[in-house]
Amino acid sequence: MSIEHRDDTGARFGMWLFLYTEVILFSGLFILYAVSLAKYPHQFAEASHKLNIYFGSINTLVLLTSSLTIALAITAIQRNQIKPTLILCGVTVGLGALFMVNKYFEWSMEISHGIYPGSEHLAEMGNGITTFFNLYYFTAGLHGLHVVLGGSLIAVVAVLVAKGKVTAERYTLLENSALYWHLVDLVWIFLFPLYYLIL
Amino acid sequence: MEEHKHEPVPYRTFIKVWIALLALTVVTVVVSRIHFGAANIWIALGIASVKSSLVIFIFMHLRQESRLFKIGLLILLVILAIFIGLTFTDILYR
Amino acid sequence: MSDSTLANSGFYSEGPRSGILGWLLSTDHKRIGIMYLSCIVAMFLVAVGLGLAIRLELIAPGQDIMGPQTYNATFTVHGIIMIFLFVIPSIPAAFGNLVLPIQIGARDVSFPKVNLLSWYCYIIGGLLAAIAVFSGGAPDTGWTFYVPFSTQTSTNVSLAAFGAFMLGMSSILTGINFVTTIHRLRAEGMTWGRLPLLVWTLYATAWIQILATPMLGITLLLVILERFFGAGLFDAARGGDPILYQHLFWIYSHPAVYIMILPGMGVISEIIPVFSRKPLFGYWAMALSSLAIAFAGSLVWAHHMYASGMSDFAILVFSLLTFIVAIPSAIKIFNWVSTLYKGSIELAPPMLYALAFIFNFAIGGLGGLALGAAASDIHLHDTTFVVGHFHYTMFGGTGFAFFAALHYWLPKFTGRMYNHKIAFIAWGLLFVGFNVTYMAMQAVGIQGMPRRYYDYLPEFHTLNLVATVGSWVLALGLALMFINLWRGIRSGRPIKKNPWGGATLEWQIPSPPPMENFGEEDPVVTSGPYEFKGVTADEY
């Protein structure tokens, strides 16, 4: 208590370990995906065509760019450029929000077509297609939850940067939030081709 | 307990990586419109792996971290391969 | 906890806050360890009560004290509490927190606040499970939550599954903390070759907690989503695959049995050298076999599924791989026995529990081979032999290791010694009661009695009666042991630093340890954990 303990490398290592657990969490859904794809290749291709490739592509660009901005924010804070750091964090959070807005319109469109887990219309489409959309909703939903969490985390840390609690000398908190945000990007890098681009 | 201080990565490096990621995204979309049969999925996964390596090693600074971090990632990938691979001993031969 | 007679010294009286908040908001690893220990023991006692009720129902054929629905709920809740609230956190969360930082010469774990958070996850998980039991029908699926039943039953499965999810979260946070702590906070001179075996096993365990537990998380989330949306991912009629659920579940839950047993093995590896006054035989073989068990344990999950309808090829592969686990486990047994050989053995209570562990675990391990071999498993699958085997490893193994740890380290952390004579008697009752109960259960399983039924055929009566009587002896032993330990904590003789003559770091600091563990100066380690030259036990 009296002796201050600080270990930045340890904190980063702990964050990486936490990211491993997130990867395994998503991998459960990807195992289900792989098995179902092996079982229903044609149905998966057919279902994939029903997804809107423009929404998917735009969201990919949005997330990749947000990953860039948060990476730049780290360099900025290392160089003690506080204002650029805040702007870059703000852009990242904004892009995350844009991603969710896109997602909202995409999902509303699909739901208005009667495609959502447990719907009768989906059940009528036949076995493989139902599986595809269930997995799509669960995986993208879990991913969306992570976008919200990651965005909130970065917003909170940005406030701490503005208050001078996170500085060029002590920025592990920002770095770990950035790591989390990159994980969100990584999941999407796999999610996008597997769900939107199956032929 | 050695402390590992990172040198700031130049803005330019990150922007180059970002351009590469965007280019790879275009490639993966274009390639997915051409029929290669079962190879399509492997090409898509291959490109995604290249993209994620870029993100992991450069955006996430893994290149600058000590060996421990890299071994950790390797362990994760091995375990993932085991989980997926051994599940398929059932699925493929049922 | 806050009892004034318990201790007025050490970490009980120091710290920034006093009173109950000094515990609930404390980030000190010792206080968190004590909080874990109290909750875990309480949970254990509840689940023991349920276990005794199950045995009582099985005392004779037909309905004795409860009907089928109550029986199903009873064994489900017994399983959930024992697995998720007792065995998994028992040694890592309680004794790992208490002992690990001190053994490597650290002041605390790497992330003390995360450590406290993991305790709250544990409490929330436990509360959710309790609410699930007392509102709207206790879950009746068995602790495995198998589909399709778990997605269809009207009992409170969603809440219980979410409780288990939170408990998994708690386990993950502990794992992350321990791996980081062991890598980053070892004292000067505490090389990897000087780590006590408990630390090695906790290290291996922590990796499993990190890499396997999230799979349980996603599996349980999927069960909950299935119950809300009826998506049909595991429903064959709608193109799903129920066997996939079993894969996902056991990808976590088989490695989880190594989360349960490895720390127990670590405790035994600490105790045997101390009471044999000999260095541990084959230190590196013991250290690396812990990692080998952790790794091999992640290759074998589908040996729970031979009768599920998965492919014959998979049965072949998993049966083969299962035998690999026997190798590092046997290394451990042989090395413990070799450590005992020509040692100056002192039969103190911790040592008795350790010896019982070796005996029980050998039986449990060999029974595991009978279940791991596909041919014999087809006969034994879903019989009480499986239940007996599981209790031999988890109760006879981890449970006894937990009791050994209680007798070994509780004096250190309370500063007082229990009565040895009563401890011997309690140990005798426990050992006899345990073996009678579960040996009878294994025997009746080989005869073909299925598990998870409240009723059975008359020809199984005798052995079931024996098992039930055995369970009473066991219960008596448990009661005596806990009363003795409690009285020791309250009014036992005070002890000095090193009552057993251990050479690891925790025996070089006062009992109970002070808040900062080692005072102002960080310790410098110059000798291995089992070098007993010049180390003597204090009188008490």
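Is A:Glu106 buried or exposed? With a relative accessibility of 0%, A:Glu106 counts as buried, where buried means under 20% relative accessible area, exposed over 50% and partly exposed in between (1.4 Å probe, protein chains only).

This is a predicted model in which local features need pLDDT of at least 70 and side-chain atom pairs count only at pLDDT 80 or more, while totals for chains, interfaces and linings use all residues. Residues are numbered from 1 along each chain as its sequence is written, chains are lettered from A and ligands numbered from 1 in the order in which they are written, and side-chain values use heavy atoms, with hydrogens and water left out.

A salt bridge is taken as a side-chain nitrogen of Lys or Arg within 4 Å of a carboxyl oxygen of Asp or Glu. Over all chains, twelve salt bridges are counted by this rule.

| Salt bridge | N to O distance |
|---|---|
| A:Glu106 and A:Lys103 | 3.7 Å |
| C:Glu516 and C:Arg107 | 3.2 Å |
| C:Asp522 and C:Arg107 | 2.9 Å |

In chain A, A:Glu106 and A:Lys103 lie three residues apart in helix α4 (residues 82-112), about one turn of the helix. Helices (H or I, at least four residues) and strands (E, at least two) are DSSP runs, numbered from the N terminus. A:Lys103 is also buried, at 6% relative accessibility.

In chain C, C:Arg107 pairs with C:Glu516, and both residues are buried. C:Arg107 also forms a salt bridge with C:Asp522. This second pair links distant parts of the chain, 415 residues apart: C:Asp522 is in the segment after β2, and C:Arg107 in the loop between α3 and α4. C:Asp522 is partly exposed, at 46% relative accessible area.

A network of salt bridges links A:Arg12, A:Glu175 and B:Glu65.
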